[in-house]
Amino acid sequence: MAVVNALHRTGFSSEQIAERTSLSRARIAELLNGAVPSMRELRALAAGLQLPLSYFSAAESERSEQLRMQFRATAQSKEGVDHSVRKVEAFVTSALKLLPVRNFGPELANFENIFSGADDVRFHLGYDDPFMPMFDLPQRVARQDGIVLSLLNKSRFEGVSLIEGNYLFIFVSPRFSPRMLFTLAHEIGHAVNGDFAAGEPIFDLPSAIGNIRKSKTRERLADKFASDFLLPELALAKFLRSLRRQLGIMQHEKLGDIEILYLAIFFGLSFDAAAMRCENLGLLPEGGAFSLSNHIKKNHGSPEKRAASLGLPKRQPIEFPRLSGLLLSKIEEALSLGDVSSGWVSENFDISISQLLDLHRQRRSNS
């Protein structure tokens, strides 16, 4: 019955399942009526529907069902199921099998309202100087007690965050690295703002993060936190005063795209995020960020091309860990003890065996 229930949970019709797998419609009908699939058929279903094999396992059904109740609130794709949702569901369910039991949530989740704002969180993460860029934010977040940070490959979502088992899970999709940095800060904003009170995961589409023209209050507040967090007002003002002196720009002159490009590069933000921060602080007129962004894209192709044509400094690299340190260590421990297989790890954590070996070597070289 586990396979029957799993197939129904996907939301696909029997015809759609047959189209996505190597199985005939007649065989799909048999499986939906309770026939027992072979291992070859299970692998075909998993590959065709882009789901881990564990999705069809009865052994995981009880724990998974609890999470599925939470994931049902997320948006479904036009085809009936969003595979990113299933990936996150499988990841979280599997991670909680390996991670130590926690009796309290992470500090960043704002359970006791210990943070009064972005400055407090910066200080908590070790950024004592507001002028200090946050290029290593992913590494600092990944080292936080009770936080699991991972990449979410091939997803239409920019970021995902949820609290389960007293762990804060944060997923960021591989994109332009400054965009990813803002997404990470945005997801931290959800946690600090207490947005998980409903017990449901938050799946953020591109329109929900750093969008100049969005309306949802929750997303605006998370964006505001991310802007305050990555680019404190004091640091911005100090940087612009110093930059204008170096460029010979009078303090009363209007803010231009070159200054914002410098600002974006120094603090690791996208041009749009830096421009919007300036607009929110009254340094650009209302709508100024949108107008400048459109002007650059129309005349130069992109802010990055504009910066290159001006000979501006290159951006500092921002690297995101494939898996958080604690989870990676628990995966390695379970593999060494024979509790799990490399195939199980690959399927449930969306990571290839070669990537897992690379992470293991990196951990050993850094230890």
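The model is predicted, so local features need pLDDT of at least 70 and side-chain atom pairs count only at pLDDT 80 or more, while totals for chains, interfaces and linings use all residues. Residues are numbered from 1 along each chain as its sequence is written, and side-chain values use heavy atoms, with hydrogens and water left out.

Let us begin with the whole protein. Its secondary structure comes to 18 helices and four strands; helices (H or I, at least four residues) and strands (E, at least two) are DSSP runs, numbered from the N terminus. Of the 367 residues, 50% count as buried, where buried means under 20% relative accessible area, exposed over 50%, and partly exposed in between (1.4 Å probe, protein chains only). The accessible surface comes to about 17,700 Å², and 52% of that belongs to carbon and sulfur atoms; such areas come from the Shrake-Rupley method with a 1.4 Å probe, and for residues only the protein chains shown count as cover. Among contacts between residues at least 6 apart in sequence, 64% join residues at least 24 apart, a contact being heavy atoms within 4.5 Å.

Now look for the sheet. Strands of a sheet pair through backbone hydrogen bonds, either parallel or antiparallel. Here two strands are said to pair if DSSP finds at least two bridges between them. Four strands form an open sheet in the order S1-S3-S2-S4, with mixed pairing. Strands S1 and S4 (202-204) stand at the edges, each with a single partner strand, so one side of each is left without a neighbour in the sheet. From one strand to the next, the twist averages 10°.

Take the pairs one by one. S1 (residues 147-151) and S3 (residues 167-172) pair in the parallel sense over five bridges, and Ser150 has Phe171 as its bridge partner in S3. S2 (residues 159-164) runs antiparallel to S3, joined to it by six bridges; here Glu164 has Tyr167 as its partner. The hairpin of S2 and S3 has two residues between the strands, and Gly165 takes a positive phi near 60° there. S2 and S4 pair in the antiparallel sense over three bridges, with Val160 opposite Phe203 in S4. Helix H6 (residues 83-98) packs on the sheet, touching S1, S2, S3 and S4, and its direction makes about 145° with that of S3; such angles run from 0 to 180 degrees between N-to-C directions, using axes fitted as lines to C-alpha atoms, for helices over the stretch in contact.

How covered are these strands? Six of the six residues of S3 are buried, so S3 is largely enclosed by the rest of the structure. Tyr167, Phe169 and Phe171 point one way from S3, and Leu168, Ile170 and Val172 the other way. S1 is mostly covered too, with five of its five residues buried: Ile147, Leu149 and Leu151 point one way, and Val148 and Ser150 the other.

Next come the cores. A nonpolar core is a set of buried Ala, Val, Leu, Ile, Met, Phe, Trp, Tyr and Cys residues joined through side-chain atoms within 4.5 Å. The largest has 61 residues, and those with the most contacts inside it are Leu137, Leu184, Ile188, Phe229, Leu230 and Leu263. Helix H9 (residues 177-192) gives this core its largest share, eight residues. A second, separate core of 29 residues includes Phe157, Tyr167, Phe169 and Ile331.

H9 itself is mostly covered, with 14 of its 16 residues buried. Gly194, which follows H9, has a positive phi near 75°. Leaving aside neighbours within four places in sequence, Leu137 is in contact with Leu125, Tyr127, Leu181, Leu184, Phe229 and Leu230.

Finally, visit Phe56, in the loop between helix H4 (39-49) and helix H5 (61-71). Phe56 counts as buried because its relative accessibility is 6%. Beyond its neighbours within four places in sequence, its contacts include Ala2, Val3, Leu42, Leu45 and Ala46. Phe56 and Ala46 are 10 residues apart in sequence and 8.4 Å apart in space, C-alpha to C-alpha.
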